[in-house]
Amino acid sequence: MNLHIAKLLTLFSLLLYSCTGHDSQRAILDKADRLMDDNPKAALSLLDSIDSPSLTDDRDRAVYALMYSRALDKNYIDVTDDSLINISIDYYADRNDDLYKEMSYYYLACIKCNSRDYAASMKAASEALRIALAITDDRETARAYELMADLYNATYSASRALRYRLLAREYYRKAGLPRETTYAELDLAIAYYNDRQHQRSIALLDSLLELPSGDSLFRAHCLSALVRPLLYTDDYQRAAETATELAKYRQVYTLTGQDYANIAEIHMHNGNLEKAQACIERGSTASAEAIQVDMARYKMHLMEGRHDSMIADYRRMVSRQDRILSEALRHTVTGAELEYADIQTEAATDNTKRARRTGIIIACGLLALTIGVATVARLQLSMKNAEIRKHVNDIREISRQLNDTRTETSRLHDRVDTLFRERFRTLNRLCDQYYEALNAPSPQLQKSVYNNIVKMLTELRCPSELSKLKDIVNEHMNGIIARLESQLPELDADDVAFLTYLYAGFSAKAVCLFTGMSKGNFYVRRRRLRSQIERSRAADSDMFLCRL
């Protein structure tokens, strides 16, 4: 008798412990659910404290799978394995908890998107949207539209992405969620830019920047998004002001390759190639695959006249564009599948007519799929042909520029050859005089040679010869004398002549002979001019000092 009582007590204790453990785990799941929106890190920490293999109840396992998938997404931890969320999908498939069923399909769509399985992602997102519309949950409807916009953007369908950005903003407004609405408007502004509606993008971003917001990161994203449409509309001054303001938020915002490419383009427009080069190098470090950085590098080399580098840049961009086009072609069928899923989603909003219209929808969907694939394939082929024509035109332009460069080089060779002969003619005359003095040494002949040398030096420093020398220095040093006279008008003619001889490469002794000054005065004047240039605000002061 006592043995039976002991067994019953033991069994009762185990049942009591089991119930207590289940209650504790459910309490943690409920608390994690309450914390999820405001403190997702704390929610994830709570869920990690649960020993998931010990969950034996099917409902608890399904709730845990959903909550954990949700916490990972809230903490920006992208996963590609759908085995966990499928536990929730399977549990709620034949149950009436529509909200949890909708959320299960939504996070399944997120996971499929992370793994770049866009067709499967759109299918799950469409199911989530259908359920959200059926239960009139505006917040979940907005999130589904937002995810579908991301999917269309990933498959290069800017117009459809724009459509779903508009719907997402509308339903966030209906749900009474101002913060989510504001971020949806930022996404909408970027969608306008992607759809080449630059003025609408600028207007919407301006309105967002006028909002009283303490969210520095949000403001930084708005400023980053604003620079590109400003550049497309040739508003370089405002683009520069916007980029300067963006730089103030570096503590909370990390510049992307696109940002550095934008800033480099602004510097190039202002003629500051050194800063542009620095931005391009930083952009390459920030994003090795940013084609915008390659384009900025190409433009800079074009401005510098570095044609060999331009050709290398051009080949790099063509290779990268080919990869992008290949990716777009790979997603052509996926895009058609997304459109087909989209048609199914819109049709499913009216459940009362769904049964009668299923056959028509499927037939129309298959027809649309066939037509869509053919149309998109033709469009992609047309785009590829247009791109090839553009590349051919670019190559022709580069060839023309190379021919112009060869012509200019030939012209410079002729000029150098002429100068070479002229300078050696002078040297030849001096040698003839010296030879005569050696063969017939006499004070009168030596004096004659000296006088002839003085005469030749006088000819070399006369205004006409000095003018020719200025032209040569300007031509070979990017107009340095012309810039000097323009930016430092306070310099007198002797100072300009002195600098011309130095820039031409004459030695200190030669300059002293040309100008008639002593060697001590030479160094005094050079120090004075260096100091004067350093104190000036000349735009090309670095060039003047470097050559000095």
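Helices α5 and α6 are roughly antiparallel to each other (an angle over 145 degrees). This is a predicted model, where local features need pLDDT of at least 70, side-chain atom pairs count only at pLDDT 80 or more, and totals for chains, interfaces and linings use all residues. Residues are numbered from 1 along each chain as its sequence is written, and side-chain values use heavy atoms, leaving out hydrogens and water.

Here are two helix pairs, with helices taken as DSSP runs (H or I, at least four residues) and angles running from 0 to 180 degrees between N-to-C directions.

| Pair | Angle | Axes apart |
|---|---|---|
| α5 (98–114) and α6 (118–134) | about 160 degrees | 8 Å |
| α22 (493–503) and α24 (519–535) | about 100 degrees | 11 Å |

Now for a pocket. A pocket here is an open set of points on a 1 Å grid where a 1.4 Å probe fits, with protein on both sides within 12 Å along at least five of seven lines; lining residues have an atom within 4 Å of a point. Its lining has 16 residues, with E274, N478, R483, D540 and M543 nearest the centre. Helix α25 (541–547) is one of the helices that supply at least two lining residues, and its four are the largest share.

How values were computed
Angles under 35 degrees count as roughly parallel, over 145 as roughly antiparallel, 65 to 115 as roughly perpendicular and the rest as oblique.
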